[in-house]
Amino acid sequence: MNLVEKKEKLARLESFAESLGFDGFGVTRPELGPVGERFGKWLRAGYDGEMAYLRRGAEQRKNPRLVLDGVKSILCFRTNYYAMEKDMSYIAHRETADISIYALNKDYHDVITPRLREMEKRIHTQFEGCRTRIYVDTGPLLEKPLAQQAGLGWVGKHTNLLTQGTGSWYFLSEILTDVALPQSQPADDHCGTCRSCIDICPTKAIVAPYVLDANRCISYLTIELKGVIPVEYRKAIGNRIYGCDDCQIVCPWNSYATKTDDPDFQKKQDTLKLIDLIQITDATFRQRFKGSPIKRIKRRGLLRNVAVALGNSGNPQAIPPLIKVLDDDEPLIRAHAVWALGELAGGEILPVIRKKLNDENEDIVRVELARVVARFNGGCG
Ligand code: B12
Ligand code: SF4
Ligand code: SF4
C-alpha cells in the first residue's frame with residue numbers, strides 16, 4: 001500500500017474516531033527517546049509512592065515495543081470530560097464534598113473501551129490481517145508523552161497533557177498496531193514563563209516544573225493511597241474527597257475549554273454533603289456509586305477521605321456522626337475520625353474518644369489517639 005492510500009485510510013479513521021466521540025486523534029511511532037530515561041529517574045526518586053504497578057511495568061512503559069511485538073504505530077485519542085465549569089470558589093464550601101470533574105460521571109474505562117473496540121474493528125477492515133491492542137489507562141504505557149508525540153498537546157508543568165485552544169480536561173487512550181502509518185507532527189510546549197499550577201498546588205506536589213511527587217498529590221492521597229493519609233497533608237486536603245483539580249482550574253489554557261456534549265460524560269453526581277456521606281452504609285455506598293470511579297476506593301477509602309474533610313469543615317454538627325463512626329468495623333475510618341474530632345472539638349472530646357476506644361487494638365487507631373492526647377493534654381494522656 002502506498003503512502004497516499006495510507007493517508008486516505010487514516011483520514012477515514014480520523015472521521016470515524018470523531019463520530020465515536022473522540023475529539024482528538026494523532027499517530028506516533030513506538031519510541032519515547034529521553035522520556036523513558038526521565039521516567040526511570042522519577043521512579044528512583046520514589047515519586048511513585050505505593051503505585052507498585054508503575055514499577056512492575058517500568059520496562060514496557062519506557063519501550064512500547066515490549067507491549068506489542070512488532071508494533072509500528074500508536075494511534076492516540078483524546079476524550080473531553082469537561083462536565084461542568086469549576087473555579088477555586090469550591091474550597092470555601094467546606095461542608096460540601098468536592099469530587100474531581102473526571103469522576104462526576106461514569107467510569108471512563110467503561111465508556112471509552114467499547115469505543116476503542118469499534119475503532120479497532122474499523123482498523124482491521126482497513127488494514128486486513130493487522131494486529132492491534134487497545135489501552136485506556138489499562139496497561140503499561142506512558143500515555144501523556146505518546147500523545148504529545150502524536151500532536152495531541154504537550155505535557156505541561158503540572159504534568160498533564162494540555163492543548164492550545166482546548167485545555168486539559170480530557171482522557172487519553174491508544175491503539176497499538178503493527179501497521180506502519182504516517183506520523184503526526186509532535187506538539188510544542190506553550191507553558192512559557194507561567195507557573196500558576198505550581199503555585200496553587202495545596203501540597204506543593206509539583207516539586208519542579210514538569211515533575212510531580214505523587215506522594216504529595218491530593219489525587220494520589222485520596223484515590224491511590226490505600227492506608228493512612230499522612231497527617232502533614234490532611235489540612236491541605238480541605239474538602240476534596242476524590243482527586244483534585246486545582247492545577248488544571250488555574251491553567252490559563254483551560255479558559256478555552258468547552259463543556260462536553262457527550263451523553264456519557266454529563267455530570268451525574270449530585271452535590272454531596274460531607275455530613276451525609278460519613279453516615280453512609282456499605283449497601284448505600286455500593287448502590288450510590290455503582291458505575292462511578294469512586295467505587296474503586298470502596299467505602300473505607302471514601303469515609304477516610306470524608307473524615308479528613310469533616311475535620312477541615314469547622315462544622316460542629318459533624319461531631320456526633322464522627323463519634324458514631326468510632327464504632328465502625330473499619331480501623332482506617334476510626335483512625336481518621338479521631339483526627340477529625342480533635343480538629344473540630346479540641347481537648348473537650350478526649351474523654352469521649354477515650355471511652356469509645358478503651359479496648360482499641362488496632363495500631364493505626366491507637367497512633368491517632370495518642371497524637372490527639374499529646375496535642376490537647378500536654379502529652380500526659
Ligand atoms: C500514575 C498516574 C497518576 C498519579 C501520578 C500522576 C503523574 N503525574 O503521572 C496520580 C495518582 C498522582 C495521578 C493524578 C492525576 N491523574 Co493520573 N494517571 C496516572 C497514570 C496511570 C500513569 C502516569 C505515569 O506514568 N506517571 C509517571 C510519571 C513519571 O509521569 P509524568 O509525571 O508524566 O513524568 C514525566 C515528567 O516527570 C517528565 N520529566 C521529568 N523531569 C523532567 C524535566 C523536564 C525538563 C521535562 C520537560 C520533563 C521532565 O518525565 C517523566 C516521564 O514522562 C496515567 C495513565 C497512563 N497509563 O499514562 C494517568 C493519567 C496521567 N491521569 C490522568 C488524570 C486525569 C489525572 C488527574 C487529573 C485526576 C484528578 N483530577 O485527580 C490527576 C492529575 C494530577 C497531576 N497534576 O498530574 C489522565 C491525564 C489526562 C491528561 N489530560 O493528561 C491520565 C493520562 C489517564 C487517562 N488515560 O486519561 N495520576
Ligand atoms: S492535582 Fe492537586 S495536589 Fe495534585 S499536583 Fe495538581 S494541584 Fe497539586
Ligand atoms: S498553569 Fe501554566 S505552567 Fe501550568 S500547565 Fe498551565 S500553562 Fe503550563
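Modeller: Let's start at E362, which counts as partly exposed because 14 other C-beta atoms lie within 10 Å of its own. On that scale, a residue is buried with 20 or more other C-beta atoms within 10 Å, exposed with 12 or fewer and partly exposed in between, the C-beta atoms being placed from the backbone. This is a predicted model, so local features need pLDDT of at least 70 and side-chain atom pairs count only at pLDDT 80 or more, while totals for chains, interfaces and linings use all residues. As for labels, residues are numbered from 1 along each chain as its sequence is written, and chains are lettered from A and ligands numbered from 1 in the order in which they are written.

You'll find E362 in the loop between α16 (350-356) and α17 (363-376). Helices (H or I, at least four residues) and strands (E, at least two) are DSSP runs, numbered from the N terminus. Follow the chain back 28 residues from E362 and you reach R334, yet 9.7 Å is what separates the two in space, C-alpha to C-alpha.

Now for the wider layout. The protein chain splits into domain 1 (3-83 + 106-177) and domain 2 (272-381), with bounds that come from an automatic or database domain assignment. Their centres, taken over C-alpha atoms, are 40 Å apart.

Y81 deserves a stop of its own. Setting aside neighbours within four places in sequence, Y81 is in contact with I101, Y102, Y108, W169, Y170, F171, T260 and F265. Two residues are in contact if their C-beta atoms, placed from the backbone, lie within 7 Å. Take Y108 from that list: it sits in helix α5 (residues 108-126), and it is buried because 21 other C-beta atoms lie within 10 Å. Between Y108 and Y81 there are 27 residues of sequence separation and 8.8 Å between C-alpha atoms. Leaving out those within four places in sequence again, the contacts of Y108 are Y81, Y102, V136 and F171.

Next comes strand β2 (residues 73-80), where 8 of 8 residues are buried. Both its faces are covered: S73, L75, F77 and T79 are buried on one side, and I74, C76, R78 and N80 on the other. Strand β1 (residues 24-28) runs antiparallel to β2 and is joined to it by 5 bridges, with G26 having C76 as its bridge partner. Strand β7 (residues 170-177) is antiparallel to β2 too, through 8 bridges, and there F77 stands opposite S173. Two strands pair if DSSP finds at least two bridges between them.

Strand β7 also leads us to the ligands. Ligand 1 has 36 residues around it, and R38, D137, E143, S219 and G243 come nearest. Giving two or more residues to that shell are α2 (34-44), α6 (143-149), β7, β9 (211-212) and α8; the largest share, 4 residues, comes from α2. A residue belongs to such a shell if its C-beta atom, placed from the backbone, lies within 6 Å of the molecule. By class, the shell around ligand 1 has 23 nonpolar, 7 polar and 6 charged residues. Here Ala, Val, Leu, Ile, Met, Phe, Trp, Tyr, Cys and Pro count as nonpolar, Asp, Glu, Lys and Arg as charged, and the others, Gly among them, as polar.

Ligand 2 is surrounded by 13 residues, with C201, C217, C244, D246 and C247 the closest. Helices α8 (218-224) and α10 (246-249) each supply at least two residues of that shell, which holds 9 nonpolar, 3 polar and 1 charged residues. Ligand 3 has 13 residues around it, and G156, C191, C194, C197 and C251 come nearest. Its shell divides into 8 nonpolar, 3 polar and 2 charged residues.

One last stop, back in the loops. T159 has a positive phi of about 80° although it is not a glycine, and you can find T159 between β5 (154-155) and β6 (161-162).
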